[in-house]
Amino acid sequence: MRPVAASAGLLGTGASLLVLAGCGDDGRTPLGAGANDPLSCSIPTSEIFNGGPGKDGIPALTDPETARYGEPGTEYLVDRDRVVGLVLEDRVIAIPLNIFWWHEIVNLDAGDGSVAVTHCPLTGSSMAFDRAVVGGAGFGVSGLLYQNNLILYDRNTRESLWPQMLRGARCGDLTGTKLAMVPVIEMTWGGWRALHPDTEVVTSNTAYDRSYWIYPYGNYDQPDNPNTLFPMGTLDRRRPPKERVLGIPDDAGGGVAVPFGSLAERGPVAAVETTGAGEPVVVFWNESLGGAMAYRPHAEGMSLTFAVEEDRIVDTETGSVWGVHGVAVEGPLAGRQIEPVPEAYVAFWFAWAAFHPETLLLDDQCDDQPCS
């Protein structure tokens with residue numbers, strides 16, 4: 001889990017499996033041999049691995065310095081770098097993956113709100129969570145992995161553990177507690193800035209000496225690279241293992257995955273109607289901005305349908321033109337925002353399929369059942 005200079009070093013890390021105690025009477029498995037009051041988990045502890053650097057070995061950030069484009073501390077970024085963007089209260093903020101490669105969690109506070117914005121480099125998953133469920137406490141990096149995915153811990157309980165892609169606590173005092181998600185969109189820095197010229201961005205002035213301009217995992221994120229730090233069993237081969245997908249989960253281990261490759265095949269811009277968690281949703285795509293996001297297609301009391309006309313997303317009800325960020329940029333609805341699906345997030349395909357084994361694939365659906 002510790003960033004290294006090349007993928008061979010990463011995959012050759014001598015990470016060790018946790019030493020685990022036997023099963024508890026309640027059907028959960030205690031975590032931590034020899035502990036007087038060991039943690040219990042509702043997930044198989046045989047699939048929880050020690051990622052190497054230990055608790056806080058990868059330091060989470062809390063309210064890091066931000067600046068506008070071109071100000072000191074933003075020089076490490078180029079337009080093609082990817083960022084996780086969000087609107088928090090009245091702040092528009094971009095957190096580059098360059099920052100997440102070295103920190104994985106950024107705790108942000110704004111007004112009465114507090115969120116944890118997270119990215120796991122090993123699963124490519126970018127997600128944000130409301131911290132209210134832990135009393136606004138910050139989250140840190142536990143140093144543990146579940147199916148190669150980041151496990152967070154909160155700083156408000158003795159030792160609750162929160163696998164990112166399970167969206168809730170699975171070990172410790174708060175086991176079974178869900179995390180409410182906050183909508184974010186992952187796209188290129190140049191794309192986010194085009195939509196939000198006045199955005200703030202996390203600077204390189206983090207108080208940590210890190211090479212924020214260097215991707216420290218070698219070729220790990222190449223779409224066809226099947227290597228993972230820890231074994232994953234049989235990978236779902238319907239898509240390249242590390243292709244980015246926009247996933248919309250349900251609560252039954254399924255949902256729908258929208259591969260970026262499938263969207264690109266539709267053209268430079270796309271609006272795709274599908275179903276997410278039992279509700280109609282529309283997925284907007286913009287290839288030049290490098291982003292996709294899912295929305296509930298309603299505005300001003302109207303149900304909207306969308307088409308692409310001359311590489312622009314247009315609703316057929318009013319003729320308004322929409323951006324990938326879900327905002328109408330021209331027409332009668334200019335300035336209106338359709339509601340983003342907060343549970344939608346970007347991840348590598350291999351990880352999405354592992355966490356959502358009953359997933360449907362866009363363009364690969366057979367009578368609403370997964371196709372082989």
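Where does aspartate 56 lie? Aspartate 56 sits in the loop between strand 3 (48-50) and strand 4 (61-62). Helices (H or I, at least four residues) and strands (E, at least two) are DSSP runs, numbered from the N terminus.

## About the model

This is a predicted model, in which local features need pLDDT of at least 70 and side-chain atom pairs count only at pLDDT 80 or more, while totals for chains, interfaces and linings use all residues. Residues are numbered from 1 along each chain as its sequence is written, and side-chain values use heavy atoms, with hydrogens and water left out.

## The whole protein

The protein has 32 strands and five helices. Of its 372 residues, 55% count as buried. Buried means under 20% relative accessible area, exposed means over 50%, and partly exposed is in between (1.4 Å probe, protein chains only).

The accessible surface comes to about 15100 Å². Carbon and sulfur atoms hold 47% of that surface. Accessible areas come from the Shrake-Rupley method with a 1.4 Å probe; for residues, only the protein chains shown count as cover. Now take contacts (heavy atoms within 4.5 Å). Among those between residues at least 6 apart in sequence, 59% join residues at least 24 apart.

## The nonpolar core

In soluble globular proteins, nonpolar side chains tend to be buried together. A nonpolar core is a set of buried Ala, Val, Leu, Ile, Met, Phe, Trp, Tyr and Cys residues joined through side-chain atoms within 4.5 Å. The largest one here has 113 residues. Phe284 and Trp322 touch the most other members. Helix 5 (residues 349-355) gives the largest share of this core, six residues.

## The cavity

Rolling a probe the size of a water molecule over the atoms shows where empty space is left. The search uses a 1 Å grid over the protein atoms alone. A cavity is a set of points where a 1.4 Å probe fits but cannot get out. A pocket is an open set with protein on both sides within 12 Å along at least five of seven lines. Lining residues have an atom within 4 Å of a point. Grid points are joined across faces, edges and corners, and a volume is the space filled by probe spheres set on the points.

How many cavities of 30 Å³ or more does the whole structure hold? The search finds one. The largest cavity has a volume of about 40 Å³. Its lining includes Val84, Ser126, Glu186 and Tyr345. Strand 15 (185-188), strand 21 (291-296) and strand 29 (345-348) each supply at least two lining residues. By class, this lining has eight nonpolar, one polar and one charged residues. Ala, Val, Leu, Ile, Met, Phe, Trp, Tyr, Cys and Pro count as nonpolar, Asp, Glu, Lys and Arg as charged, and the others, Gly among them, as polar.

The largest pocket has a volume of about 570 Å³. It is lined by 30 residues, and Leu166, Arg167, Arg170, Asp250 and Asp251 lie nearest its centre. Strand 17 (244-249), strand 20 (279-286) and helix 5 each give two or more residues to this lining. The lining divides into 15 nonpolar, seven polar and eight charged residues.

The second largest pocket has a volume of about 370 Å³. Of its 18 lining residues, Arg82, Leu97, Asp221, Arg244 and Phe348 are the closest to its centre. Helix 2 (residues 97-103) gives the largest share of this lining, three residues. Here the classes are seven nonpolar, four polar and seven charged.

## Buried residues

Isoleucine 151 belongs to strand 12 (residues 149-154). It counts as buried because its relative accessibility is 1%. Its contacts beyond four places in sequence include Ile48, Leu145 and Trp162.

Is serine 320 buried or exposed? Serine 320 is buried, at 0% relative accessibility. It is found in the loop between strand 25 (312-315) and strand 26 (321-322).

## Positive phi

Most residues other than glycine have a negative phi, and most peptide bonds are trans. Aspartate 56 has a positive phi, near 65°. Aspartate 56 is partly exposed, with a relative accessible area of 34%. Glutamate 310 also has a positive phi, near 50°. Glutamate 310 is exposed, at 74% relative accessible area.
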